[in-house]
Amino acid sequence: MPSFNVQRYGARGDGRTDATKPFLTAWSLACGSRARAMVYIPRGTYLVRNLVFWGPCKNIITFKIDGTLVAPSNYWSIERKVAIVLKVQGWCNNVLLSGLTSLNSQNMHVTVHHSSSVRIQNIKIRAPSGSPNTDGIHVKSSSGVTVSGGTIATGDDCIALSQGSRNIWIERVNCGPGHGIR
C-alpha cells in the first residue's frame, strides 16, 4: 500500500510551522492513487488550519496518525474564524481515521459530510469546557459512520448527528464535559 507521509511534503512536527499545505498535498496524492493508500502523520505536533479532504477518491484511503494536530492559538488568525481540524466531505467512502489527537480547535474538530463507510477509532479530542461550538465530531448527510474508542472532552457536543445521517454506530467513547451525543 502506498504511504504518503506528510513530512515528505514539508510538514514539520514542531507545533509552530503551518502544515496545512503538506497535509492537503499528501491527501491529494493518496486520493488520486489507483491502489489503496495511506496518509501518514508521524509523531510530532502539527499546526494546521482549515483542512478539507475532498473526494471522491480512486480507492480506499487510510489515515494513520501517530502525531498531534493543533489549531492556531490565535482565534483571529483563522479564515472565517473557524478551525476545522479535519473535514471529510464530497462522497468520500471507506475512510478510516485512527489515532487522532486534536487539541483546542476553535470550532468542530472532525466533520463528516456527504460521506459513507467512515470509521473513526481511538480518537482523543480536547477543548476547554467553556468553549462554545467545539463539537468533537459532527456528522451530516452521511451513512455507515462508526465511531469506536477514545475520549472526547469539549465545551459543546461530544458527537453531533445532523440531518440526513443514518446507520451510525458509536461505542466505547468517553464524553464530557459537553452536551454528550445528540
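**Exercise 1.** In what kind of interaction do the side chains of Lys64 and Asp66 meet?

*Solution.* The model is a predicted one, in which local features need pLDDT of at least 70 and side-chain atom pairs count only at pLDDT 80 or more, while totals for chains, interfaces and linings use all residues. Residues are numbered from 1 along each chain as its sequence is written, and side-chain values use heavy atoms, with hydrogens and water left out. Apply the criterion for a salt bridge, namely a side-chain nitrogen of Lys or Arg within 4 Å of a carboxyl oxygen of Asp or Glu. With N to O at 3.1 Å, Lys64 and Asp66 form a salt bridge. Next, take relative accessible area (buried under 20%, exposed over 50%, partly exposed in between, with a 1.4 Å probe and protein chains only): Lys64 is partly exposed at 35%, and Asp66 is partly exposed at 35%.

**Exercise 2.** Determine which parts of the chain the salt bridge between Asp18 and Arg49 links.

*Solution.* The closest N and O atoms of Asp18 and Arg49 are 2.9 Å apart. The pair links distant parts of the chain, since Asp18 lies in strand E2 (residues 14–18) and Arg49 in the loop between strand E4 (45–47) and strand E5 (52–54), 31 residues apart. Strands here are DSSP runs of at least two residues, numbered from the N terminus.

Methods:
Helix = DSSP H or I, 4+ residues; strand = E, 2+ residues; numbered from the N terminus.
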